Every structure is written in C-alpha cells, then in structure tokens.
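Biologist: I'd like to go through this one slowly, asking what backs up each label as we go. Can we have it on screen?

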Amino acid sequence: MTAARAGDHTANGDRPSFAATPSAATPADVRGRGFASRAALPVLEDWIDAAVAPLPPRAVAPAGLAAALAEGVVLAAPLTAPDDWPPADRAARDGVAVASSDTLGAGSYNPVPLPDAVRVAAGEPMPPGTDAVLPVEALQADGPFVEALDSAAPGDGVERRGDGLRAGTVLLTAGHRLRPQDLGLLAALGVDTLLVGARPRVRVVLAGGPRSGPETLGAMLTALVGRDGGVVELVGPLPADRAALAAAYAAPGADLLISAGRTGVGEDDVAPLALADAGALALHGVALRPGDSAALGTAGGVPAVLLPGEPMACLTAYELLAGRAVRRLAGRAPALPHPALPAVMVRKLVSEIGCTELYRVRRTADGLVEPVASPHRPGLAGAVLADGFVLIPADSEGVPAGATVTLRCFDGTSL
C-alpha cells in the first residue's frame, strides 16, 4: 500500500490534493525516505485547517473564570450588552443632587437656598426631580439649610443612562481573550453565563531519541499546549518500539495527539511507521528549518502531529504546526500567537530557496535586530537568549542588512 508522502508535493507553495494513508497492515516503510522533496509549509497548514475543527464551546459563569485568566480563556461567541449601562441616571461625583433650575443665579456673593437638595455619593441613582449634582466645594451650610454657591446646568455631575453602553452593543467578539477588566464589566452587567473555547485534551507522547531528553521536551510541550488552551496528558518516554508507540497513539481519550522524537528515516525512527499503524500517515517531511522531519496524520480517529526530537526543531514544528492544531481545537485564531512588530536587521540573514527558515534574533541597544542562532544550529540556548524570531519565507534567499523584517516576540509582549 502506498502513502501520500512529502515527496509527492512541491516545496514552491503549490497546494495539490492529497489523501491520508490508510492504517498500515504491512511492515512497508511509508516514511518520506530521504526527503528528496519536502512539502511546503502552506500544504501542512491546509491539512491542519481541513482536519481540525473547533471543539464545542463550554458554558461557564464569569465568577468561575477569574482563576482561569492565566489559561488565556477566549470567547466562543460574540457578547452583546444585555441592557443600557448604567441602567439609570446616577451621580458621577459626590455632592448634592439638585434641580438645575433651582440654582439659577447662584454665586459666591449670591448664595441660593436649596430646600430640596439631597446628598449623594458617586454611583448612587439620581433622586426623582433632580438633574444635576453640585460638588461639595460649590455648597455651604447655613444652619440646617444648604446653599448653592454656583449654578448647575442640566446633566452636570450626572452619568446618564446608557452613557457607557447601549443595550445590544457588541462588547466582545468571538475569539477575544478575556482580561480582568472584562470580567469586572460582565459582573456589573449581570451576565451570568459565557460561552468560551473548549480546553482540548492533548496526548503528548515522548518517543525519545539521542538528541532529546524527556524532561526537556515534556516540560516545554506541556507549557506550550497550556499556552494555546489545551490540557496535556503526558505519556513516556517510550522506547523506540513501533508497536508500543502505535498503542500509545491509538489509545482513546484525546482530542489531539502530539508525539516528539523518532521522526527521521533511520532504523530507530519508528514514529511515522507507528502513526501509519495507529491510523494514517498523511504527510512526512516539511520544507521547514529547523523541523523538517515533522509529520501529520491521524491516530485513533483524531488528528496527530509528529515533532522532531531535537529540542529547537521540536519547538519550531510545534509553533508552526502542532500549536495551530491546538489553537483551532480551542476555538482560537490559528495564526501564531506571538506579537509582531517591524524591526531592522543589523546583519544579513541567509536563506535557502524552497524552505521556510526560522532565525532566532534579539534586539540590540539601539533597537535594531541581530541573529542569535541560525536555523542550522540545534539546541534551545539560542531561543532562550533571543527576544523573538524572524521567519524567512520559502521563496526568499534571505534578508539584507538594513532591511525591515517582522519580529515575532517570544515573551508575548511587543517589547
């Protein structure tokens, strides 16, 4: 039985149709042997977008979201204001609520008695028959009476009904990441239920390899999946055994499978073979550096992403492939979550046509950007020292010194 392989696709951005390999009942090697022609990154993105749909949203009370803000909870449906806010005219400051007509002509040399004045605090409803609030400095007491030392126009010191929001106003759109101020307003508006994105169950299988350690990949992938809205079930590390990996891949209970390690074409690189046994190997090999041995398919009826075992290659392939799948399941925007801003390169970045390359870069003291490590250098040290990364597209030979590039920030801020 033959498989749709990376070699069946071009790396120049074409997006031909492809079919996943059926479950392999034979020991045939269905891997992308040699990667003579790797699939272009857009081909894999298309596969993920077609194979991964958002999970049904969950309904939660706003009070239950306070502890979940760090998870990056996002709305699954637009939210509109149920009523006007404020719901009635109210005092915008401390003072005395008055009928503005009663203050005509008032001044420091002509105090005007206010027999019907009512003291109010900011936020209190306006008493009937009043339409303004005089501040305390515009008042004086004359025995049991209050006198105005200044006149007031209708609406002075008053927050009118609906000044903040009108009923039906779209407050937040689908995909919006909730913030503390959002929860405060929702509580004030009396919103009792929100539809938010699901938390996909992601099985992360550590398949090992000579250049990776379970403590490295397990810790990193658990944090990345959590950032993108998923909950991790960590399995392994498992030996380089095709049957053991296939069993772990096909086990029920996950919405997405991510496996790290054993994705090459060596004798012990059995992860792609195990994926074919557990379901289907759709694509193996991507025109991406680092991370070119990544693969896509299905296992146990759910989408699966195989990541290289080398830590930097694993990180790159997660960000551009597996993370996209997690975010789609969680109802989030599938694009990279890193803030992007323009930056000017200090030195030239050299790239190979036909391959998307990720350069780790950092900001210099004068605000320019310089490379920390090339796509060919393994290890996470360069990523730790970097402020972010620059993606060189497959149709580019690189970026000259002085060119403006898009810097994607690792730390979630725009520096």
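Biologist: Let's start with Glu352: is it buried, partly exposed or exposed, and how do you know?
Modeller: Glu352 is partly exposed, as its relative accessible area is 42%. By the cut-offs, buried means under 20% relative accessible area, exposed means over 50%, and partly exposed is in between (1.4 Å probe, protein chains only).

Biologist: And what sort of model are we reading?
Modeller: This is a predicted model, where local features need pLDDT of at least 70 and side-chain atom pairs count only at pLDDT 80 or more, while totals for chains, interfaces and linings use all residues. Residues are numbered from 1 along each chain as its sequence is written, and side-chain values use heavy atoms, with hydrogens and water left out.

Biologist: What makes the pairing of Glu352 and Arg289 a salt bridge?
Modeller: The rule asks for a side-chain nitrogen of Lys or Arg within 4 Å of a carboxyl oxygen of Asp or Glu. Their side chains meet at 3.1 Å, N to O, so the pair passes. A strand here is a DSSP run of E with at least two residues, a helix is a run of H or I with at least four, and both are numbered from the N terminus.

Biologist: Why is Arg289 called buried?
Modeller: Its relative accessibility is 18%, so Arg289 counts as buried.

Biologist: Which residue does Arg289 also bridge to, at 2.5 Å?
Modeller: That's Glu357, with the closest N and O atoms 2.5 Å apart. Glu357 is in strand S22, so this pair ties S17 to a part 68 residues away in sequence. Both Arg289 and Glu357 are buried.

Biologist: How many salt bridges does the structure hold?
Modeller: There are 19. One of them joins Asp292 to Arg38, with the closest N and O atoms 3.2 Å apart. Asp292 is in the loop between S17 and S18 and Arg38 in the segment before helix H1, so parts 254 residues apart in sequence are tied together. Asp292 counts as partly exposed at 25% relative accessibility, and Arg38 has that label too, at 25%.

Biologist: What makes the bond between Arg289 and Pro290 stand out?
Modeller: It's a cis peptide bond, with omega about -10°. Most peptide bonds are trans. Pro290 is in the loop between S17 and S18. Another cis bond joins Trp85 and Pro86, with omega about -5°, and Pro86 is in the loop between S2 and S3.

Biologist: What about the backbone at Arg262: what is its phi?
Modeller: Phi is positive there, about 60°, although Arg262 is not a glycine. Most residues other than glycine have a negative phi. Arg262 is in the loop between S15 and helix H5, and it counts as buried at 15% relative accessibility.

Biologist: What does Thr316 touch, and what counts as touching?
Modeller: Contact means heavy atoms within 4.5 Å. Not counting residues up to four places away in sequence, Thr316 touches Leu288, Pro290 and Leu358. Thr316 is in helix H6, and at 1% relative accessibility it counts as buried.

Biologist: Why is Ala132 called buried?
Modeller: Its relative accessible area is 0%, so Ala132 is buried. Ala132 is in strand S7, and beyond its neighbours within four places in sequence, its contacts include Val96, Met126 and Val158.
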